[in-house]
Amino acid sequence: MGSSSVLRQAALAQPTTVRSEFDRNIEVSHAPDAVVGIGGAAQWYYRGSRNMRAMHFALNNPVGRWYVRRYMGVRTDMTTWPDEHAPNRHEIQPIDPADSIRAIAPTPVLIVQGTADDYFPVDHGQRLFEAAESVAGNRAELWVRQGMRHAEGGTDAALVGEICDWILARVELP
């Protein structure tokens, strides 16, 4: 959940962001100068891809959590995340990625989405971009990369260079 986490932290750095119960005690002392999200989700609880269905299975039942802990070395604790079916989950879950990106404006935001992402299809990047565009003063950009897979697994040195150039063109360094 790297991209969603980046968007969330940037939103929580803004003093005007409306916080849910989940985010109420998080303090982010410095707002970012720019934000880059690669292969991110536009919503929580997405299950539209095979990999996301497998992830939800692994995290939402004891056998799946045991398997992930035993064979992947990842410990999970479901007591910190609101149940998907909780009647008030929108009040208690972390700020939604689309709401996060709206709260970031006018900070420059780059959304990179691959057409071969096997977790989140291109429409997630498009929805994040549309959410950003809905805010006056937004400075968001969407890069859709043909054949790019998910996030860091699909990122190559050339893309990293382009992202660095994008950041340097938008951020004043001392």
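These legends accompany several close-up views of a predicted model. In this predicted model, local features need pLDDT of at least 70 and side-chain atom pairs count only at pLDDT 80 or more, while totals for chains, interfaces and linings use all residues. Residues are numbered from 1 along each chain as its sequence is written, and side-chain values use heavy atoms, with hydrogens and water left out.

View A. Helix α8 covers residues 157–170; helices (H or I, at least four residues) and strands (E, at least two) are DSSP runs, numbered from the N terminus. Its 14 residues reach 20 Å from the first C-alpha to the last, close to the 20 Å expected at 1.5 Å a residue, where the expected span is 1.5 Å times one less than the number of residues. Which residues of α8 are buried? They are Leu 159, Ile 163 and Trp 166. Seen down the axis of α8, these buried residues fall within an arc of 55°, so they line one face of the helix; the arc is that of the directions from the helix axis to the C-beta atoms. The buried residues pack against β1 (35–38), β2 (108–114) and β3 (139–145), with contact meaning heavy atoms within 4.5 Å. On the other side of α8, you will find Ala 157, Asp 165, Leu 168 and Ala 169 exposed. Here buried means under 20% relative accessible area, exposed over 50%, and partly exposed in between (1.4 Å probe, protein chains only).

View B. Arg 170 is partly exposed because its relative accessibility is 29%, and Glu 141 counts as partly exposed at 25%. A search of the whole structure finds six salt bridges.

**View C. Asp 23 and Arg 8 form a buried pair.** Their side chains meet in a salt bridge at 2.5 Å, N to O. Asp 23 sits in the loop between α1 (2–12) and β1, and Arg 8 in helix α1, 15 residues apart. Both Asp 23 and Arg 8 are buried.

**View D. Asp 118 and Arg 149 join two loops.** Their salt bridge spans 2.9 Å, N to O. Asp 118 lies in the loop between β2 and α6 (122–133) and Arg 149 in the loop between β3 and α7 (151–154), so the pair ties together parts that are 31 residues apart in sequence. Asp 118 is partly exposed at 28% relative accessibility, as is Arg 149 at 46%.

**View E. Ala 13 in the loop between α1 and β1.** Is Ala 13 buried or exposed? At 14% relative accessibility, Ala 13 counts as buried. Leaving aside neighbours within four places in sequence, Ala 13 is in contact with Val 28, His 30, Ala 31 and Pro 32.

Methods. A salt bridge is a side-chain nitrogen of Lys or Arg within 4 Å of a carboxyl oxygen of Asp or Glu.
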